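Subject: Structure for you to look at

Hello,

Here is the structure I said I would pass on. Please have it open while you read the rest.

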Amino acid sequence: MVTELPLDQVRTLLAVVDEGTFDAAAAALHVTPSAVSQRVKALEQRTGRVLLVRTKPVRPTESGAVVVRFARQLARLERDARAELGMGGAEEEPTRVSIAVNADSLATWFLDALTAVPPEPRLSFELHREDEAHTAALLREGLVMAAVTSAAEPVAGCSVRLLGRMRYLAAASPDFAERYLDGPLREALPGAPVVTFDRSDELQDAFVRRLRRGRGAAGAVRHRIPTSEGFVSAIAAGLGWGMVPEIQAGGLLRTGRLVSLAPERVLDVPLYWQQWKLDSPALATVAQAVASTAAKSLRP
């Protein structure tokens, strides 16, 4: 039984996924396209699975994503080992840390966490903005090494820790509330225009179902505003109602630009930090800064 994954084949598969084509991977690895193709085929024979969908650009299959994630973790460990052995030299590039984070965290507290990371070791951050319910998928595919996610179940090969709860308030401008929400909220809200972040944003529907004991959804007139700041501004401008993060709503509520539609009814979304299970100083440093900042910014 073959049990080993040859490292040259694993690295070649990663290069093909990152570069998008066999020819581009060959140029990056300074080998021929034929050699790249042979290595990938050999790895597929060794694993007994198809690892790539041969499209342009190529895409890893579910099994391929497992190997890609392993390749990225291997590269991370190699870089850390070189740093600890003093083999990097002064010209060594900073360590890239790829993180998936939801838009609301990015717009409120997450950048404070990154600025709290110590200057050594030198890090460069690559952020992938994704809905908190979908950030774990990027971990699963090996595209990021850590994620702020609403998924409590750890992705295979990852650790998970609770960061806190992000609280959302149903809010609207005073003029909007007067125009559309005159009467019992549970009856008026389903017919009022609503602002959503994107097609996967279900917070507004969840709030209406909570009001109506599991029935119904937010209104049919939906304005999709795909930035966190633009989303809140659209609600304050009277375009529709929506679920606004408590952190962003505070000042607008105090100045009267927003009104809370149901102060006693809030939605709390638990946020977790998931990361690769690696003994990596870079990841450990970032994780500590994220957890510390989240403890100050989110509800416990």
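Below is what was found in it, region by region.

Please keep in mind throughout that this is a predicted model.

The UniProt record, an unreviewed entry, lists residues 5-61 as "domain: HTH lysR-type". In the model, that stretch is 63% helix and 7% strand. Its end C-alpha atoms are separated by 17 Å.

Helix 1 (residues 7-19) packs against helix 2 (residues 22-29) at an angle of about 120 degrees, and their axes lie 8 Å apart. On the side of helix 1, the contact is made by T12, A15, V16 and E19. Helix 2 contributes F22, A24, A25, A28 and L29. The crossing of these two helices is right-handed.

Helix 4: R72 and Q73

Helix 4 covers residues 62-84 and contains R72. Q73 is in helix 4 too. Are these residues buried or exposed? R72 has a relative accessible area of 15%, so it counts as buried, the cut-off being under 20%. Q73 is also buried, because its relative accessibility is 15%.

A polar atom of the R72 side chain lies 2.5 Å from the backbone oxygen of G142. If you prepare the model for calculations, this is the pair of atoms I mean when I refer to R72 and G142.

Helix 11

Helix 11 runs over residues 228-236. Its buried residues are S228, F231, V232, A234, I235 and A236. Which elements cover them? The cover includes several helices: helix 5 (103-108), helix 10 (203-211) and helix 12 (246-255). Strands are also part of the cover, including strand 6 (158-172), strand 7 (194-196) and strand 9 (242-245). After helix 11 comes G238, which has a positive phi, near 95 degrees.

Regards

Terms used. Residues numbered from 1 in each chain as written. Predicted model: local features only at pLDDT ≥ 70, side-chain atom pairs only at ≥ 80, totals over all residues. Heavy atoms only, no water. Buried < 20%, exposed > 50% of the residue type's maximum accessible area, 1.4 Å probe, protein only. Helix = DSSP H or I, 4+ residues; strand = E, 2+ residues; numbered from the N terminus. Contact = heavy atoms within 4.5 Å. UniProt positions renumbered as here; feature names shortened; annotations may be inferred. Polar contact = N/O pair within 3.5 Å; in protein donor to acceptor, adjacent residues only side chain to side chain. Axes fitted to C-alpha atoms, helices over the stretch in contact; angles between N-to-C directions. Left-handed = near helix turned anticlockwise from the far one by under 90°.
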